[in-house]
Amino acid sequence: MMSPISIPSIRLNDGNDLPAVGFGTYKLNGSAGVSDIVSAIKVGYRLLDSAFNYENEGAVGEAVREAGIARDKLRIVSKLPGRHHHFEEAIATVEESLYRAQLDYYDLYLIHWPNPSKDLYVEAWQALIEARKKGLIRSIGVCNFLPEHLERLIKETGVTPVVNQVELHPYFPQEEQRAWDKAHGIVTESWSPLGRASKLLQDDMIKKIADRLGKSIPQVILRWHVQLGAIPIPKASSKERQIENLSLFDFELSPQDVEIIATLARPDGRLADQDPARYEEF
């Protein structure tokens, strides 16, 4: 049996830490999902990303119990849906998340999106601050927040998110958002870091870099995230792909490699529908 892959940690602005690579659990549900998540933990993933709306917090919790890894070695994440931003609803949702997973606390809890048309995200943030005080959550952050949303949170509550999880991949590198996050001590996390298995995984320029390094295209892309200082959260069901996506720390991209990948940014690179209504499910 192979030894788990060791992953460096990134320090957050509240003094806690997260592994430099996480494991996405979207659509990993039921017993099959538990099996995939247990496999991921056993090969070395210590950051597990879930959400209330993924309806798999129970599977994540069961995998944590079955994997046999000490709870304090894991970083378990969930997210508050946009429809539960009222203060009391948000507190109850965090509690329900914990009941579903049968966990005593979450290491990180995120607002899934700002839901700006309802304009309750500051209230939701105040609820997460309170949930942290109650010991339900260790760290708090957000997803899909723009600088204007983040500025308002900080101004009105005095509490800066530790993480902003956004769509991020070579076709949509989010330079301005990443720079803003970094300037304010916020770690950027990457959802869909491999572009949802789009044409990105057949890109000729990335393939040339991968061939030169003796690595796969996904490994080059995920290493790019790591070198940007972002935390990618790839998802994979097969053990082989899980190991591949985690084997990122025995090689490095050259500055020229990073420059080449930077040329792949495209105006239509975003995967998510530009219509904010696309996030209503969150």
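**Entry 1: around α4**

I started with what covers the buried residues of α4. The cover includes β5 (75–80), α3 (87–101), β6 (106–111), β7 (137–143) and α5. I noted that this is a predicted model.

Which residues of α4 are buried? I listed Y121, V122, A124, W125, A127, L128, I129 and A131.

I then checked the length of α4, which runs over residues 121–133. It has 13 residues, and at 1.5 Å a residue they should span 18 Å. The C-alpha atoms at its ends are 18 Å apart, so the two values agree.

G135 follows α4, and its phi is positive, near 85°.

**Entry 2**

I reminded myself how to describe a pair. Two packed helices are described by the angle between their axes and the distance between the axes.

For α3 and α4, the axes come within 8 Å and cross at roughly 45°. The two helices are therefore oblique to each other. I read the crossing of α3 past α4 as right-handed.

Which residues meet here? From α3 I wrote down F87, A90, I91 and V94. From α4 I wrote down E123, Q126, A127, L128, E130 and A131. Sorted by type, the residues of this contact are seven nonpolar, one polar and two charged.

Two names from my buried list, A127 and L128, turn up again in this contact with α3.

An α-helix has 3.6 residues a turn, so residues three or four places apart point the same way.

**Entry 2: α5 against α6**

Next I took α5 (residues 147–157) and α6 (residues 175–183). Their axes come within 11 Å and cross at roughly 15°. An angle under 35 degrees counts as roughly parallel. α5 and α6 are therefore roughly parallel to each other. The crossing of α5 past α6 is right-handed.

I listed the contact residues. α5 gives P147, L150, E151 and I154, and α6 gives Q177, W180 and D181. They divide into four nonpolar, one polar and two charged.

**Entry 3: α7 against α8**

How are α7 (residues 204–213) and α8 (residues 217–228) set against each other? They pack at an angle of about 100°, and their axes are 8 Å apart. That makes α7 roughly perpendicular to α8.

In α7, the residues I206, K207, I209, A210 and L213 take part. They meet I217, V220 and I221 in α8. I sorted this contact as seven nonpolar, no polar and one charged.

G214 sits in the loop between α7 and α8. Is it buried or exposed? G214 has 61% relative accessibility, so it counts as exposed. I also compared its position with V122, which is 92 residues away along the chain. The C-alpha atoms of G214 and V122 are separated by 47 Å.

Most residues other than glycine have a negative phi. I looked up two residues with a positive one.

D119 is not a glycine, yet its phi is positive, about 55°. I found D119 in the loop between β6 and α4. Its relative accessible area is 40%, so D119 is partly exposed.

N144 also has a positive phi, near 60°. Its place is in the loop between β7 and α5. Its relative accessible area is 15%, so N144 is buried.

Q174 is in the loop between β8 (163–167) and α6. Its relative accessibility is 19%, so Q174 counts as buried. The cut-off for buried is under 20%. I left aside its neighbours within four places in sequence and found Q174 in contact with V166, E167 and L168.

A265 lies in the segment after α10 (255–262). Its relative accessible area is 37%, so A265 is partly exposed. What does A265 contact, leaving aside its neighbours within four places in sequence? I found P170, Y171 and P173.

I then looked up A265 and H169, which are 96 residues apart along the chain. Their C-alpha atoms are separated by 8.7 Å.

Conventions
Residues are numbered from 1 along each chain as its sequence is written. This is a predicted model: local features need pLDDT of at least 70, side-chain atom pairs count only at pLDDT 80 or more; totals for chains, interfaces and linings use all residues. Side-chain values use heavy atoms; hydrogens and water are left out. Axes are lines fitted to C-alpha atoms, for helices over the stretch in contact, and angles run from 0 to 180 degrees between N-to-C directions. Helices (H or I, at least four residues) and strands (E, at least two) are DSSP runs, numbered from the N terminus. Angles under 35 degrees count as roughly parallel, over 145 as roughly antiparallel, 65 to 115 as roughly perpendicular and the rest as oblique. Contact means heavy atoms within 4.5 Å. Ala, Val, Leu, Ile, Met, Phe, Trp, Tyr, Cys and Pro count as nonpolar, Asp, Glu, Lys and Arg as charged, and the others, Gly among them, as polar. A crossing is left-handed if the near helix is turned anticlockwise from the far one by less than a right angle, and right-handed if clockwise. The expected span of a helix is 1.5 Å times one less than its number of residues. Buried means under 20% relative accessible area, exposed over 50%, partly exposed in between (1.4 Å probe, protein chains only).
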